[in-house]
Amino acid sequence: MNLKNGYHKSIKILLAGLFLCLLTPWMPSSLSSTVNQEFYHLLGLGISLVSMIICLSAYNQSRMRAKGDQTRNGQYFSYVFFAGGMLKLLLFLYYGKITIGYELMVDSADALLIIFMARFICVLCMLFLGFKLPTKNQPFPKWVSYTMGVSYISFLVFILLNKGATEFFLSSSDPWSQTISPIHYVAHASLLIFFVFALAGILFSRKKRCNEINFRLILGVCFCIISQGFILQVQYVQDVFFTFSMMFQLIVYVIFQNTYFNVYIESPLEQQKATREKLDYMAHYDETTGLENRRSLLHYVGGCLEKAEADGALLGLLVINISRFKIINDSLGYRLGDQLLKQTGQRLLDYQGGKEVFSLGGDRYAIVMGQIESVEKLHNRVYEILEHVKEPIFIKERELYITPSAGLSIYPYDGAMPDELLRNANTALYFAKNEGQDFNRYTLSMKKEAQESLQMEHDIRKGLEREEFYLEYQPQIDLATGEVVGVEALVRWNHPMRGRISPVEFIPIAEECGLIVPLGEWVLREACYQNRMWQNQGYKPLTVSVNLSIQQFHEVQLAERIKRILLDTGLDPIYLELEITESTMFDMTQGMKVLESIKKLGVQISIDDFGTGYSSLHYLKNLPIDRLKIDQSFVRELMVDRNNKAIVSTITSMARHLQLKVTAEGVENEEQLLFLQEQHCNDAQGYFFSRPLASTDFESIFLKAIA
């Protein structure tokens with residue numbers, strides 16, 4: 001138990017009181033007569049006055065506390081302190097010998113009853129403090145509270161208006177003497193036994209309390225026991241033992257008030273303070289890294305800008321991002337990822353001398369770079385920081401390498417406000433990552449491109465709402481028969497202001513902002529609907545190919561969405577082919593599950609742009625796919641690069657042995673066509689056959705010709 005705040009002194013007083021109480025049987029009976037009775041009288045008057053002040057001040061504290069407290073416990077304690085104060089007022093009236101006419105308002109028998117009631121209430125409340133912590137639930141039913149209140153008021157009225165009946169009833173020989181009646185000894189001995197049981201209850205209770213509260217409760221009940229021990233030695237009111245009892249009871253009131261103050265005032269205030277400190281920490285620091293956050297960064301940069309403006313100096317703001325951090329999180333777990341972020345932040349902090357490093361949340365950091373002699377030296381300093389970050393990090397005996405990217409903005413060239421510098425540094429970082437660079441300095445052209453990208457995202461969103469997108473269809477030709485056997489659906493965009501926008505411009509932005517998912521779903525639904533419409537018109541059934549983006553591929557319940565579209569459009573699954581790229585299958589285990597769920601629908605699957613990514617032949621032979629599509633970059637240079645010929649020949653041969661079909665993309669001339677036929681390529685598409693056509697043009701040129 002941690003003893004502090006004078007607890008050693010309290011224990012010494014407790015032991016001294018216990019020792020004194022045990023010595024009382026051996027003290028001479030004449031001890032009380034050696035001291036003037038007026039001294040005991042004045043001492044009792046002072047003790048009762050101090051006790052009354054303590055109780056009423058505690059009542060005032062608890063009443064003020066209860067005003068802002070929604071718990072009932074605090075309100076009940078204010079009533080208890082008030083009740084204790086009134087009892088001590090009656091004792092004060094006894095020692096003050098206040099009379100009504102010729103009779104004392106409070107006589108000696110009344111005083112003993114008052115002491116009994118005051119101590120009983122005090123210990124009950126200390127037990128309540130120990131076993132009923134502050135709560136928003138009502139601790140007692142109202143009828144119990146009202147009954148206790150009426151009983152207490154009745155007791156006060158009885159004390160004031162009994163006209164000596166109490167003393168007459170409780171005295172056996174001399175009703176008007178100061179001698180203690182045996183009935184009082186029995187009552188107070190019973191109260192002493194109750195105190196002992198109360199102490200045992202606190203000592204052996206399983207109720208969780210802080211050490212400080214537990215110690216005070218034990219100390220208070222122990223002083224009550226000592227006080228009660230003294231009162232059992234009393235021969236008559238106002239002897240030395242009675243005075244000792246009153247003194248130790250005064251100590252109990254002090255402990256009781258301090259315990260209440262700790263439980264209901266000090267502890268809640270400390271909790272509020274801790275909560276405020278925690279909220280303040282959360283408002284200014286990053287929880288994962290412990291570094292100051294974006295809010296603190298902007299405030300700090302604001303002060304640095306004022307100094308830089310006054311000194312005519314440069315100020316750099318560097319934003320660093322850990323590339324491919326998501327893969328680390330997904331593969332190694334978030335706990336290890338958080339440790340990596342923390343160690344990286346600490347590494348930057350150590351390099352900067354323990355200052356000017358901030359966390360922007362996630363895997364981004366910011367460094368404020370002052371004392372710049374020139375832009376060139378600043379660039380060199382940035383490269384030094386990046387090289388320092390690239391050094392391996394050891395976490396749980398695992399060696400990790402990270403690749404940082406950085407964007408830099410410089411005052412006054414790239415902004416004059418903290419948020420402007422931060423925004424421009426983030427823009428430079430964005431371009432560095434997109435261009436595969438470690439570091440990029442902000443330029444005005446970046447802002448224009450970023451604004452255009454943002455506007456493009458807005459226009460794509462509105463274009464989906466206004467149905468500005470449409471499909472064109474490029475035929476796929478069987479190289480053995482020359483017949484149309486399939487068609488690829490390609491999305492196009494007719495912007496109301498800019499006209500036709502190339503997919504090369506809007507597809508990457510749609511993928512980046514997540515709009516590729518709703519756009520891809522629209523393409524799939526529209527292509528299935530159009531294919532079904534052609535079949536309903538009596539044309540030869542064709543397979544329609546639709547590209548599936550990486551984001552779509554990793555959508556939850558992708559197979560269910562495809563199934564719903566097929567049911568809504570009425571298209572037979574065998575006439576739908578979904579094209580995925582090699583990069584889609586970076587998580588081979590999960591990718592296999594998705595492909596198998598799609599394959600169960602009866603839909604065909606092809607690998608698009610085959611040869612441009614990384615494919616494991618071990619996994620390729622197990623993939624539930626039907627076709628490989630040779631990327632047009634190999635087909636386009638077939639006649640000028642013999643390596644491309646070798647690649648195409650290898651792909652067709654491998655596919656044939658794996659019993660997969662092959663489609664060549666980007667066929668533009670007859671020489672390419674002849675080579676592909678020699679390699680037994682199954683199908684081909686490209687401008688040699690036809691450019692992508694609107695649905696009506698495709699129908700009139702190809703479908704009606706083979707109807």
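These legends go with several close-up views of the predicted model shown above.

Residues are numbered from 1 along each chain as its sequence is written, and side-chain values use heavy atoms, leaving out hydrogens and water. Because this is a predicted model, local features need pLDDT of at least 70 and side-chain atom pairs count only at pLDDT 80 or more, while totals for chains, interfaces and linings use all residues.

**View 1. Confidence along the chain.** Let us begin with pLDDT, the predictor's confidence in each residue, from 0 to 100. The protein chain averages 80, and 80% of the residues score at least 70. Residues 1–5 fall below 50, and beyond near neighbours in sequence this stretch has ten contacts in the model (a contact means heavy atoms within 4.5 Å). Residues 168–179 are also below 50, with 17 contacts beyond near neighbours in sequence. Where pLDDT is low, the predicted coordinates should not be read in detail.

View 2. An unreviewed UniProt entry places the feature "transmembrane region" at residues 42–59, 79–96, 111–131, 143–162, 182–205 and 217–234. UniProt positions are given in the numbering used here, feature names are shortened, and annotations may be inferred rather than shown by experiment. Residues 79–96 are 94% helix and 0% strand, with end C-alpha atoms 25 Å apart. For residues 217–234 the figures are 83% helix and 0% strand, and the end C-alpha atoms lie 26 Å apart. Helices (H or I, at least four residues) and strands (E, at least two) are DSSP runs, numbered from the N terminus.

View 3. Two strands pair if DSSP finds at least two bridges between them.

**View 4. Strand β11 and its partners.** Ten of the twelve residues of β11 (residues 484–495) are buried, so this strand is largely enclosed by the rest of the structure. Buried means under 20% relative accessible area, exposed over 50%, and partly exposed in between (1.4 Å probe, protein chains only). Strand β10 (residues 469–478) runs antiparallel to β11 and is joined to it by nine bridges, with Gln-474 partnered by Glu-488 in β11. Five residues separate the strands in this hairpin, where Gly-482 takes a positive phi near 80°. β11 and β12 (residues 499–501) pair in the antiparallel sense over three bridges, and Trp-493 stands opposite Ile-501 in β12.

**View 5. Thr-543 in strand β13.** Here β11 pairs with β13 (residues 543–547) in the parallel sense over three bridges, and Gly-486 stands opposite Thr-543. Thr-543 counts as buried because its relative accessibility is 16%. Leaving aside neighbours within four places in sequence, the contacts of Thr-543 include Val-485, Gly-486, Val-487, Tyr-575 and Gln-604.
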